[in-house]
Amino acid sequence: MSIVALQNITFIGPIEEKETILEDLQEMGCLHLRPLRSENAFTPTHDVISEETREAWRFLKDCPNQRLQVGKSPRYEPAQLQKRALEVQRRLEELTDNRDFLNRRIENLRVWGEFKFAPLDEMNSLQLWFYLVPLYQVKEIPESDFAWEMVHRDNRFAYIIVMSRDEPQGMPVERIHIGAKPLSELKRNLEDVELEIDELQLEREGLTRGLTVYERNMAQLEDMGARAKAAHFTHDSSPLFALQAWAPKNNSPALVKYADKKGLAIQFRDPGPDDDPPTLLENNQELEVGEDLVAFYMMPGYRLWDPSMVVLFSFTLFFS
């Protein structure tokens, strides 16, 4: 269990083979690039995965019922799959909000019963005003200013409807708004919303058939984006390019073998006092949890010690 010893490595090779070399080194997966050009000048290309791509992936990945995966198919082409997945997600969010609203409205209206508002000309310009009055305040309702009726009461409130041309004055509480739609119409709307939610959930399940192809496409895009960034960090001076990186010392033989195979110049250098190498922890399988805990809070510096064992046993003792 320790912090892995690193070396600074410099590759120099023909610029026309840079893309192939970067792809090979990415496949080896043992380098941490050192930019030879300013990072601020790098502009991500269209190949870099967007937040929408990740959002669509999370939406499908989190689907409780995953369908049997299919291979490449026009029906599950990644761009179209992403577009439709996001459309389904947005619509489900809208419908879920609407369902919550309707449930609250129905619950509030249930006690008032089923009724429809008549046109004002049929009511001689009289309107209905609704109040939820605490029982102890019912006696405070004015007696002669307007007509009112208690349509329901429970152990806390009286449900009062007032008939008046203008909003009544002197009521002990503010009026409540119950909306213009009758209870039966709200229930029908709720049924329609729940039916559409069910249909969209089934469509979401169907879209998960293309998840494997979509994930493979995401991985390819991530690799392409990482290579594009790596290509920016090299120093190019035709006909050569130079790439610099940190790599574990134990990977040196494989890197030398690759450099010989491709005809590249390679140079190794140990970290100097002014260098700030990244930290790579190496722990056996039993202590990997401690490594994860250390990484969650703060990685130790390259020249410090690996606290994974101490952190693991401290957490175990503290929470046991």
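In this predicted model, the second largest pocket holds about 280 Å³ of space. Which residues lie nearest its centre? They are Phe117, Gln127, Leu128, Trp129 and Phe130, part of a lining of 17 residues. Sorted by class, that lining has 12 nonpolar, 3 polar and 2 charged residues.

Now turn to the largest pocket, with about 390 Å³ of space. Its lining is made of 14 residues, and those closest to the centre are Leu31, His32, Leu33, Ala226 and Ala230. Helix 5 gives the largest share of this lining, 5 residues. Helix 1 (18–28) and strand 3 (32–33), like helix 5, each supply at least two residues. By class, the lining of the largest pocket divides into 9 nonpolar, 3 polar and 2 charged residues.

Helix 5 also leads us to helix 3, so let us follow that link. Buried residues of helix 3 pack against helix 5 (211–233), as well as against helix 2 (51–61) and helix 4 (183–207). Among these buried residues are Leu81, Ala85, Val88, Leu92 and Leu95. If you look at their numbering, a general rule is handy: an α-helix has 3.6 residues a turn, so residues three or four places apart point the same way.

How far apart are the ends of helix 3? Its 33 residues (78–110), at 1.5 Å a residue, should span 48 Å, and the end C-alpha atoms are 47 Å apart, which agrees. At the start of helix 3, you can find a side-chain oxygen of Glu77 that comes to within 3.1 Å of the backbone nitrogen of Ala79.

Note on methods. Residues numbered from 1 in each chain as written. Predicted model: local features only at pLDDT ≥ 70, side-chain atom pairs only at ≥ 80, totals over all residues. Heavy atoms only, no water. Helix = DSSP H or I, 4+ residues; strand = E, 2+ residues; numbered from the N terminus. Expected span 1.5 Å × (residues − 1). Buried < 20%, exposed > 50% of the residue type's maximum accessible area, 1.4 Å probe, protein only. Contact = heavy atoms within 4.5 Å. Polar contact = N/O pair within 3.5 Å; in protein donor to acceptor, adjacent residues only side chain to side chain. 1 Å grid on protein atoms, 1.4 Å probe; cavity = no way out; pocket = protein on both sides within 12 Å on 5 of 7 lines; lining within 4 Å. Points joined across faces, edges and corners; volume = space filled by probe spheres on them. Nonpolar A, V, L, I, M, F, W, Y, C, P; charged D, E, K, R; others polar.
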